[in-house]
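Dear colleague,

Please find below the structure that I am handing over to you, together with its sequence. My findings follow directly after it.

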Amino acid sequence: MPRIALYTLTVCLLAVAAAVVSFVQGSWLGIVWVLLAGLSSNMTWYYVKRGKTPRNGSVTS
């Protein structure tokens with residue numbers, strides 16, 4: 001797994017935790033944390049998939 005994928009995964013997990021804390025405290029600011037978690041989740045999947053495919057587009061066996 002590429003290093004940047006690990007960073008975005010960490011951001012995603014921290015954003016989910018922040019959203020839970022915000023909603024438990026009754027703050028609607030948790031919506032921003034949910035949106036950030038969704039964005040960083042998509043970035044994580046992108047970098048994981050990009051790291052598994054060859055850069056030149058050719059398939060090697």
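**Serine 40 and its surroundings**

Beyond its neighbours within four places in sequence, serine 40 is in contact with Thr8, Val11 and Cys12, where contact means heavy atoms within 4.5 Å. Please note that this is a predicted model, in which local features need pLDDT of at least 70 and side-chain atom pairs count only at pLDDT 80 or more, while totals for chains, interfaces and linings use all residues. Residues are numbered from 1 along each chain as its sequence is written, and side-chain values use heavy atoms, with hydrogens and water left out.

Serine 40 lies in helix H2, residues 30-52; helices (H or I, at least four residues) and strands (E, at least two) are DSSP runs, numbered from the N terminus. Serine 40 counts as buried because its relative accessibility is 3%; buried means under 20% relative accessible area, exposed over 50%, and partly exposed in between (1.4 Å probe, protein chains only). The C-alpha atoms of serine 40 and cysteine 12 are 5.3 Å apart, although 28 residues separate the two in sequence. The serine 40 side chain reaches the backbone nitrogen of cysteine 12 at 3.4 Å and the backbone oxygen of alanine 37 at 3.1 Å.

**Threonine 44**

Threonine 44 also belongs to helix H2, and with a relative accessible area of 8% it is buried. Its side chain is joined to that of threonine 8 by a polar contact of 2.8 Å. A polar contact is a pair of N or O atoms within 3.5 Å; within protein, one must be able to donate a hydrogen and the other to accept it, and residues adjacent in sequence count only if both atoms are side-chain atoms. Leaving aside neighbours within four places in sequence, threonine 44 is in contact with Ala5, Thr8 and Leu9.

**The aromatic pair**

A search of the whole structure returns 1 aromatic pair. The pair is edge-to-face because the ring planes of tyrosine 46 and tyrosine 47 stand at 70 degrees, with the ring centres 5.2 Å apart. Rings of Phe, Tyr and Trp (its six-membered ring) pair if their centres lie within 6.5 Å; planes under 30 degrees apart count as stacked, over 60 as edge-to-face and the rest as tilted. Tyrosine 46 has 49% relative accessibility and therefore counts as partly exposed.

**The protein as a whole**

The secondary structure comprises 2 helices and 0 strands. Of the 61 residues, 20% count as buried. Among contacts with a separation of 6 or more, 53% are between residues 24 or more positions apart. The protein exposes about 4900 Å², of which carbon and sulfur atoms supply 69%; accessible areas come from the Shrake-Rupley method with a 1.4 Å probe, and for residues only the protein chains shown count as cover.

With kind regards
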